[in-house]
Amino acid sequence: MSVLTRDEAQTRAQLLDVHHYTVDLDLTTGDDTFASTSLIRFTARAAGDTFVELKPETLHSAVLDGEPLDIAALDDNRLPLTLTEGEHTLRVSTTMRYSRTGEGMHRFTDPTDGETYVYTQLFMDDVQRVFAAFDQPDLKAVFEVSVTAPEGWTVLANGITEQQPDGRWTAAPTPLLSTYFVCVAAGPWHSVRTEHAGLPFGIHCRRSLAPYLDADADEILDVTKACYDRYHQKFDEPYPFDSYDQAFVPEFNAGAMENPGLVTFRDEFVFRSAVTDTERMTRAMVIAHEMAHMWFGDLVTLRWWDDIWLNESFAEYMGFQTINEACSDRFADTWIDFGVTRKSWGYEADQRPSTHPVAPDPDAVPDTASALLNFDGISYAKGASALRQLVAWMGEDDFLAGINIHFKRHRFGNATLADFIDNLAAATDRDVHGWAEQWLRTTGVDTLTPRLEGKGTAWRLTVDRDGSRPHRIRVGVYDRDSAGAPLLRARHDVDVPQAAPLHLAGPRPALVVLNEDDLTYAKMRFDEDSEETALRSLSRIPDALTRAVVWNAMRDMVRDAQLEPSDYLEFALAHLCDETELAVVQGVLGFARTQIADRYVSEADRPAALATLTALTRDLLRRTEDGDSPGLRLTAVRTFIDSATTPQKIASWLEDGTVHGGPELDPELRWRILARLAVLGAVDEAAVAAELDRDPSATGQEGAARCRAALPTPEAKEAAWSAMFDSDDLSNYLFTATAQGFWQPEQSELVAPYVARFYPAAVALAERRGPAMAEAAGRWAFPSYAVDAESLALGERHLAQDDMIPALHRKLTDQLDDLRRALKVRG
């Protein structure tokens, strides 16, 4: 496929002014394809040549100003157009193919009840899979969409939809939108509808998920309304669309997509099984994130993809901040969860060779293929961290004033980084342009370390900085109380670099914690005394966010080979049972289980690491026997299952249908146990098939695929490999589930021959199935268990020699860097 370059987009934007699309889709033509017709009205500012994009199964006709075009001229995804100056109409009629990869028009048949659903995901350049379009973000237009759907279906779209007497569904004309925001979701949806602030609100899911959506409908809608109201307090511009629907759709690649008026979410957010409060908070944050996009992204849209951070960093920051403000009675400090789960994503991405500035130079994003690579921890987590630091530096009132200037100047238009910074600068006397150069145009993570000098009761604190960015931080200074626990002496606001050392009265502090409120983006280190106090008394530090900062520092020290992985596990064993903040417990256990136990300790030391995790989770289970902490207990149960080295205990849970002392086993826990038993060789295909009979749902199908791929037999491994790489029958979700089950550290000898087979197989798959499946193959099917120099050398040779699409190349670059880091940690 020909990818659109930035230069081509600029040339076309200078030539064309696109006014209106009339799009007609017929979803009744079969299981594999659908009919699509688009009528585009536009103006050419001068005579010239250009092209319209489409990726049809069959192009039936293209008519420009009443004159048929030569359809044989379609070159890959481009139909050339020769234009005179003035008004034009282009009508294109095609047959398009449904997708199974979550791109374009994705089609899904629910194994529970046989009902079929389709939805669009048109991000970046996938509108071309659904209808012909001038596909770039700065050619906004009005869209009128009509859909012919099977009887009994409901059609959702960006605007309010109505079914006409002839059975077709029509959507209200949209305001000016970029092509990638157009959305249709059709099927026999289960819907819960209400009204808020004079607008229709709705939530929708597959019929088989109806009981689960109904159980959480009040919570979802309450969060939605609270965010809507809070944004109207923050933003001068009112919500710019005619309705607000949220559709939970199957096999969705992202967490959600900010289609104006019709946000699509992965339907794992409709919880079939027990979840923790942090998982509910994540769902709430995603709701807030996507609603923030209605202003930043949808109302004001980037001009080109080098400014994707303007969309994602802003929505990420607003998502956490708004839930913190609007739902504080339901969810505790969301910034703890951000620091533990999201910020580490940014730190990791920013230390790889594939790192890039939050706001990359336009020349670094020359086309859509390269732009797709920037949807990562830098554009989301690091960018949100930078905005949080910016708010701390310039003040929230000035920040929001600048944002509102931005919305007013660019409503329903497009804007750039320069526009955004200019608008912020108009609201403050701070040097925002200088700040942006230092924070948004640079790469890497600064490291901050306290240095104490003095004696007696007079001490000077200097913050040493390894890096170049300015930081406004809050420093916590602690003594020890009579029982040896950290006791806060004072907090100080410090600008780094410092004009002068901070003078501390009193004895040498027992503990100094930099960045106590986690307001900046930097790695933290300790002076020698502080490190000893933190490691000995971590669980007794009074503030949960401060404890999260300390745990994150320890995580970074492990990753930087400055703290032994086994020591981290011992500290977790010593402190985690006294931890009261669930997000911290989940973050520590997740890192310990997936990174330390599976990658950072040697194969010989792995059983001891798993034994430590088993002992830790057993302690947590004892602590939660009274039922007062169901989320903590569920977290402990999950980690106990995943860490089991012998099958007896978890097999007894599966047989009894309950964990002794609770909880009862729901589908998620049953499949989790069965997957671990498969790894341990304690179940067979018959057991997997019996469980699938018990739970034939879509998640059951995924669970069965994961278990079958995890069975420790040559036949099971070859069957799983063939399903992933020798055919294209697996959907994106079933591919991922199969890949998750395939590589297991316990089965290293069995899967060793597949390490060399991975690279050519992944390259061929990516070439056939495109970026979404390339990302899935690089992320989930990569042999990450194989932490040895030979595997690294093999991967580096293929990375240098193989001709692979950018999405796979980027993912393998990151995976090999993680492998390099794991080898360093082991060494």
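**Close-up views of a predicted model**

**View 1. Helices α16 and α17 cross in a left-handed sense.** A crossing is called left-handed if the near helix is turned anticlockwise from the far one by less than a right angle, and right-handed if clockwise. The model is predicted: local features need pLDDT of at least 70, side-chain atom pairs count only at pLDDT 80 or more, and totals for chains, interfaces and linings use all residues. Residues are numbered from 1 along each chain as its sequence is written, and side-chain values use heavy atoms, with hydrogens and water left out. The axes of α16 (residues 630–643) and α17 (residues 648–656) come within 9 Å and cross at roughly 125° (axes are lines fitted to C-alpha atoms over the stretch in contact, and angles run from 0 to 180 degrees between N-to-C directions; helices are DSSP runs of H or I, at least four residues, and strands runs of E, at least two, numbered from the N terminus). V637, F640 and I641 of α16 touch K649, I650 and W653 of α17 (contact means heavy atoms within 4.5 Å).

**View 2. Helices α20 and α22 cross in a right-handed sense.** The axes of α20 (residues 698–710) and α22 (residues 732–742) come within 7 Å, crossing at roughly 30°. Among the contact residues are Q701 and E702 in α20, and Y733 and L734 in α22.

**View 3. Four strands form an open sheet in the order β8-β9-β14-β11, with antiparallel pairing.** Two strands pair if DSSP finds at least two bridges between them. At the edges lie β8 (104–109) and β11 (154–157), each pairing on one side only. Six antiparallel bridges join β8 to β9 (residues 116–121), and R107 has V118 in β9 as its bridge partner.
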